[in-house]
Amino acid sequence: MREESSWRQDIISVDPKNGYVDLKTTYPDNKYLWNQDFQPTAERNRTWGSWTFFAIWFGMAVEVESWSLVSVGFDFGFNWFWSLMAVFIGNAAVLVPILIIAHGGAKYGMPETSLTRSRWGTYGTWVPSFVRGLIGAGWWGIDTWIITESVSGMYIIYSGLKPELLSLVASGNATPFTISTINPDLFWGVFIATILVRLAILYLSPPKSGQTLLKKISWIVPFIAFLGFIILFYIDAQSVSWNFSPIFKIGTTVSGSAFWYAMIGLINANIAFWATMAISMPDYTRYARSQKSQIYGQLTLPIMMLGIGAMALLTAGISIIKYKTPIYDPILLTTISLPPDLAYITLFLLLLGVLMVNIYADTVGPGYDFSNIYPKLIPWFGGVLIVVAIAASLQSWSFYFSAGAYVENWLLGYGAILGAVEGVLIFDYVIIRRFKFEISDVFMPNGRFRYWRGFNPAAIIAFVIAIFLVYPPSTYLPVSFYLYPYQSWIYQASWISTILISGFVYIILMKYWVIPKYQPELRGGLLHGYIADDTKNIFEGAEK
């Protein structure tokens, strides 16, 4: 009888030059855990360099929702400086989990749904998959609203209905919902049409092809779309003779504890904004040429968001001067403030930017999530269709209609949930596994990641405890009390709170319960990590 270590060493290889981990077999009989889309990416398809990852992030940074998030600083009582500080701190903080989670995709060539099985269990991964998919579907709905809003803005200009729109703005109705009230029938017709067009693009770019079409789109569209923001900023700045001094004089209207409460919330909103992408990055880095490619391509995120933030804040400030109200929606602002010809061009360019982030951030990853529920019967594109169906039922675009709902209800609300998921992912991969695990066993129903009937109880318990301790009872029950003093502050720091709570609870449960009971073959400790002897031989053999 062959030794336990022998068969894994036969089917798992590690490239000593670039660190690729490859799997030399497939698992077509394991219909619940494997399909071709989940198989580690072949080396010939690992071609994405730093430029591609920079372009992906540039495309997502220069889109309407990120512009709007920065602009809401005025609504929360901050001046330009503190609004930009919240943007920079939040984006610098979220870059850490992004790079850690992305590392697994580049190393093992697998999407996050497969990688997550080593942390949550072969079937327990349904929990984070469903959470990420649900949130991605929510963003999908918001993106669809903005794309439709752009087309409707063009119609308003063409039909000469701009005075009617200006009248609504003058009455204080200056939200992303405003444009939809001009011609509701047209608006919803366009809404459906944009869904069909995006489905056609995704159908033509399946994961097994290396998603070449998406890669080419990422090289071209973001930089074209960025012109839309430049035009909006330039024309609005010109309309006030480039005199920004009134904007710089806008003071901070919150102070003391109210200042820090609002600042903590806005920082965590910026973190939550990209928290879904933090989980999703392996879906893209699985095509990375090397670890350096994906790291260098992503390091510029905080600087990019700071630059976009400066433009957004100045433009929102100009809207206060011109229209006596801060307009954080660039689609509405473009429609009412630009000359017709430039407005058409700008609205189209902004539409392209939203389309880019919609595909990369809110469709590709969530499509994997729902496919992961039953890989044999649900291919990746089938998962995409589920995303669309859920987006339609959630109607999450309503959160985007006011600055308060956008930040407090949407971003902080789901940020706490994602933090609880990412705490398990990061603390397991970095502290427990030290970046090394058995790639074969994520496709095996009775392998090392079976834990308890396919579920890792440490992950489930850590997730539940973090959510319970952070969410005030008033968010899920008809009551108005807190579990402990200052819980409202803990919730305001939603993502940071849950990622730390779930991570620490997880490693304690793994050390003293789950590893001894369900993974006794692992050797080591929290100081140097845990690894099985055969897995250690595989990686050490490549390092020699």
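Which residues line the second largest cavity? The close-ups below take up that question and two others, all on a predicted model.

**View A. The lining of the second largest cavity.** The space they line has a volume of about 50 Å³, and the model holds 3 cavities of 30 Å³ or more.

**View B. Helices around the second largest cavity.** Look for helix 5 (112-115), helix 7 (126-158) and helix 19 (403-432), each of which gives at least two residues to the lining. Helix 7 provides the largest share, with 3 residues.

**View C. Asn30 and its contacts.** Is Asn30 buried or exposed? Asn30 has a relative accessible area of 19%, and because the cut-off for buried is under 20%, this residue counts as buried. You will find Asn30 in the loop that runs between strand 2 (21-23) and helix 2 (50-61). Setting aside neighbours within four places in sequence, its contacts are Phe443, Met444 and Pro445.

**View D. Helix 14 and what covers its buried residues.** Helix 14 spans residues 291-298, and its buried residues are Gln291, Ser293, Gln294, Gly297 and Gln298. An α-helix has 3.6 residues a turn, so residues three or four places apart point the same way. Among the elements covering the buried residues of helix 14 are helix 2, helix 4 (80-108), helix 13 (282-285) and helix 15 (301-323).

Technical notes: Residues are numbered from 1 along each chain as its sequence is written. This is a predicted model: local features need pLDDT of at least 70, side-chain atom pairs count only at pLDDT 80 or more; totals for chains, interfaces and linings use all residues. Side-chain values use heavy atoms; hydrogens and water are left out. Helices (H or I, at least four residues) and strands (E, at least two) are DSSP runs, numbered from the N terminus. Buried means under 20% relative accessible area, exposed over 50%, partly exposed in between (1.4 Å probe, protein chains only). Contact means heavy atoms within 4.5 Å. On a 1 Å grid over the protein atoms alone, a cavity is a set of points where a 1.4 Å probe fits but cannot get out, and a pocket is an open set with protein on both sides within 12 Å along at least five of seven lines; lining residues have an atom within 4 Å of a point. Grid points are joined across faces, edges and corners, and a volume is the space filled by probe spheres set on the points.
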